[in-house]
Amino acid sequence: MEEDLDYKEIGRNIRYYRQKAGLKQNRLSDMIDVSPQHVSHIESGVHLSLSVLVKIANALNVDTDCLLGNNLKKKHEREPMDALMARTRNFSSEDYEKLMQVCDIFFP
């Protein structure tokens, strides 16, 4: 149910990843085609639409799971996968090939 979402946490997560990406609110607002005030309201925990959440995730190059945070059930079960995804996000194709070789050795 949508009213069960913690919009303040989502807003904090968006702010964290925006700042981590080195973006100002104005730049993010340009990237997702909303006003800077709208980005400010989102980061303050005001209601957020799914389509804007997806635009923000794409603009910040993160998964929507990162932005939703503890709103997801069984998040603790996904943390190892999230950590692996974060570490491999900028891998080249050669890096992925090496990783697959290691996986083949340890997980045949």
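Q: Which residue follows α2 with a positive phi?
A: The model is predicted: local features need pLDDT of at least 70, side-chain atom pairs count only at pLDDT 80 or more, and totals for chains, interfaces and linings use all residues. Residues are numbered from 1 along each chain as its sequence is written, and side-chain values use heavy atoms, leaving out hydrogens and water. Helices are DSSP runs (H or I, at least four residues; strands are E, at least two), numbered from the N terminus. After α2, phi is positive, near 60°, at Asp 33.

Q: Which residues of helix α2 are buried, and what arc do they cover?
A: Buried means under 20% relative accessible area, exposed over 50%, partly exposed in between (1.4 Å probe, protein chains only). In α2 (residues 25-32), the buried residues are Leu 28, Ser 29 and Ile 32. They lie on the same side of α2, because the arc they cover around the axis, taken from the directions from the helix axis to the C-beta atoms, is only 100°.

Q: What covers the buried residues of α2?
A: Contact means heavy atoms within 4.5 Å. The cover includes three helices: α1, α3 (36-43) and α4 (50-60).

Q: Is Arg 18 buried or exposed?
A: Arg 18 sits in helix α1 (residues 7-20). Beyond four places in sequence, Arg 18 touches Leu 23, Lys 24, Gln 25, Leu 28, Glu 43 and Leu 60. Its relative accessibility is 6%, so Arg 18 counts as buried.

Q: How far apart in space are Asp 65 and Pro 36?
A: Asp 65 belongs to helix α5 (residues 64-68). Asp 65 is partly exposed, at 27% relative accessibility. In sequence, 29 residues separate Asp 65 and Pro 36; C-alpha to C-alpha, the distance in space is 23 Å.

Q: Where is Phe 107, and is it buried or exposed?
A: Phe 107 is found in the segment after α7 (93-106). With a relative accessible area of 66%, Phe 107 is exposed.
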